[in-house]
Amino acid sequence: MRSFQSGNTAAGLLVLILIFLVLIALIVVFSQQILSSLANPSLPANAVVYLVVVLFPLILLGVILYQLVRLARDRANRRPGSRLKSRLLAFFVFVALMSSIPQALLSVNFIGSTVNFWLRAGIGEALRGGLSLSLDYYHGLAENLGRFNESPLVPVILEDLGRNPERLWKNVQTANSQIHFVQVFDGQGRELLFRGRREGRLLVPPELPPGGYLPKEDRGGLSILRHGAEHLLDGRRYTLVVGTVLAPGFDGKAAALTQSLEAFGQLNRYNRLFRLGLIVFYFLFSLPIFLLGILISFLLAGEIIQPIASLEDATHRVAEGDFSTRILTRSGDELAALANSFNRMVAELAHSRSKLVQAEKISAWQEIAQRLAHEIKNPLTPIKLAAQRILKKYTSEPGDFRKVLEPAVAAIVREVDSLNAMLGQFREFARLPMPKPERVRIREVAEEAAAMYSALSGKVTIDCSRVASESTVLADRAQLKQMFANLMKNAIQAMPDGGAITVASALVTMEGRGFCRIWVRDTGQGIAEQIRDMVFKPYFTTKKEGTGLGLTIVERIVFDHAGSIRFESQNGVGTTFIIDLPA
Amino acid sequence: MGVSLDYRDPRRGEVLKALEEGLTAEIQFQLRLYRRQPGLLRFLGDRLVVERRVLQTARFDSFEGRYRIRRQDRELGAYSEPGEALEAFCSLSDFPLADLSEAGPGQYYIAARARLTPVKMVAPLNIITLFLPRLAFSSPWLEGGLPP
């Protein structure tokens, strides 16, 4: 019993769906991180991203291409289910594109709109305004320090330097509340006074730049602004440093503002490129999912098509006579019911066919028995007459007995020989064994058969040169030789005045299967139209000494080799026997 | 042994333009110290002794009104003059590469190149550098022997 199974791709399908889900989860969870760090080639995590973005689609493309090539090959070989699978696959891809294209267009539009929104929503103005305010505040503080330090009030305040430092500091604070500390150095760089917030204290006297504004100092998370100026008091040179400590976090916030403005500036500058980059990334990440979807479509199409392909294949096998074909299915759907119905139908067909074959056999043997009886009866009459004539002469005219004896005995012997030959042919036909196939070169066998009849052929020529020397079939060598021999003998007998026998061959394809077609052509008188249906019937012959089994044996040999035989004949032109044997 | 490099390219002007727009510029110096192989081993190529990458960034500090140059995570200096800032940004001065006090003459040589990015893109905008490599310019490798 031949069986087919469906549903063996379920595990592969499950694995692919699992990969599909994992890929989606990875993209959802890590997309932000990937976008942030992808441009930095030194990050090892990016190797994984490149693997997913570049290598994975390539692998998927390779697998899909392999599947497509297989499908194309199956279609070329007319494998059951291949056409339906192609159509199903095209349908799945069409559905996938139908759902992906609008989604892609929407995403592309969404990306563009979002980027444009951020560029147009006044965020740039807000950032620039924020930075401008910060700068105004910062510069305002710095200028305030400079204005104070260079004001004519300072020398007056400094008069308290030696006498009352506390009053000096109090006066500074009263004069400018935004000054958080004050420090005085003498001409030798020694510190004479420090009052106010200790974060502002310098350990060495500063080198005063033009304008007196010292570089901003970051200390302990605080930013410190200073202004230094030299003052002459009682002929002595003093350096007065005043400063202010910026609000905690000012620097960090200012840096964040600067960075945001920088990012905004870049976005503004490379707006189109960035949108293009996002779109390219969208497609790079969508492509593996789309390809995975197509691969799943392949498996799904295969899963759906499997029972139908099995059914088609089984139908072909049944048509070829293999009634042991059965379809096994694990599913419980309508296709399983169809498979069960098919199995029942084939079982009933096999049963009916068995009965029919038995009946045909009985009928055939009955016909053969009748014909055989008829053929045996024919020579019995002359034998009986010859025997009766011998007896009559012997009893009535013993003198002339010798005259009758010899021709009568000769007639009896001839008829017995004829009977013997007929029974020999019958035995040969009945005992024709099952073929033992081997790879046989047709031309060799045809030439061997032709050689057997070269002495008998007389004026008939036999040409086997039109059989390709490399042309082979899977056949029983002896039976094939007998087939050629019988056809050639038949042709020779059909051309008593001479003629030509031509044997040719070619490879042909019928219903997707390869056959070797053999032509055996003679230039005889052809077969009369009224007897063409009888040509292969046992014991049918038009020849005086024919047994009527030659072409029957040929037909039997061809059928036993799963081949077919037919002939074309034209009166006065000749007959061509056409034999198709599986290549 | 200290290495000094100076990157000169007409596109240095793009750096100043970017800095004035409030953007950050980046330059990466790649230094390789090779030891020449003796005899037949020369066919196998010279041996890479040490390789260093030095990353410098420049930006304009609007608060200070000065150009700030940083190397890796350390501030190199702040400059009021754009020309001075550009010189400091595009050069590497006496960078310690390796200790070769006992090296023989002609035994070692240095290969160096620079990669200038006038506008250092911030994430995630930096993805465009994958599609637009012309945002950065690389010099060819230059080789030089060690002074005696």
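**Exercise 1. Elements and burial**

Task: State how many helices and strands chain B has, and which share of its residues is buried.

Solution: Chain B has three helices and nine strands. Helices (H or I, at least four residues) and strands (E, at least two) are DSSP runs, numbered from the N terminus. Read from the N terminus, the order is β-α-β-β-β-β-α-β-β-α-β-β. Next comes burial. A residue is buried if 20 or more other C-beta atoms lie within 10 Å of its own, exposed if 12 or fewer, and partly exposed in between; C-beta atoms are placed from the backbone. Of the 148 residues of chain B, 30% are buried. Now turn to chain A. Chain A holds 14 helices and twelve strands. Buried residues make up 22% of its 583 residues.

This is a predicted model: local features need pLDDT of at least 70, side-chain atom pairs count only at pLDDT 80 or more, and totals for chains, interfaces and linings use all residues. Residues are numbered from 1 along each chain as its sequence is written, while chains are lettered from A and ligands numbered from 1 in the order in which they are written.

**Exercise 2. Where the chains touch**

Task: Describe the side of chain B that touches chain A.

Solution: Start with the contact rule: two residues are in contact if their C-beta atoms, placed from the backbone, lie within 7 Å. The contact takes 21 residues from chain B and 25 residues from chain A. Helix α3 (residues 128-131) of chain B gives the largest share of the chain B side, four residues. That side divides into 14 nonpolar, five polar and two charged residues. Here Ala, Val, Leu, Ile, Met, Phe, Trp, Tyr, Cys and Pro count as nonpolar, Asp, Glu, Lys and Arg as charged, and the others, Gly among them, as polar.

**Exercise 3. A sheet and its helix**

Task: Give the strand order of the five-stranded open sheet in chain A, and name the edge strands.

Solution: The order is β7-β9-β10-β12-β11, with mixed pairing. Two strands pair if DSSP finds at least two bridges between them. β7 and β11 (564-570) of chain A are the edges, since each pairs on one side only. Neighbouring strands are turned by 20° against each other on average, direction ignored. Now take one pair. β9(A) and β10(A) run antiparallel over ten bridges. Thr509(A) stands opposite Gly514(A) in β10(A). Axes are lines fitted to C-alpha atoms, for helices over the stretch in contact, and angles run from 0 to 180 degrees between N-to-C directions.

**Exercise 4. The largest nonpolar core**

Solution: A nonpolar core is a set of buried Ala, Val, Leu, Ile, Met, Phe, Trp, Tyr and Cys residues joined through C-beta atoms within 7 Å. The largest has 38 residues. Those touching the most other members include Ile442(A), Phe484(A) and Val554(A).
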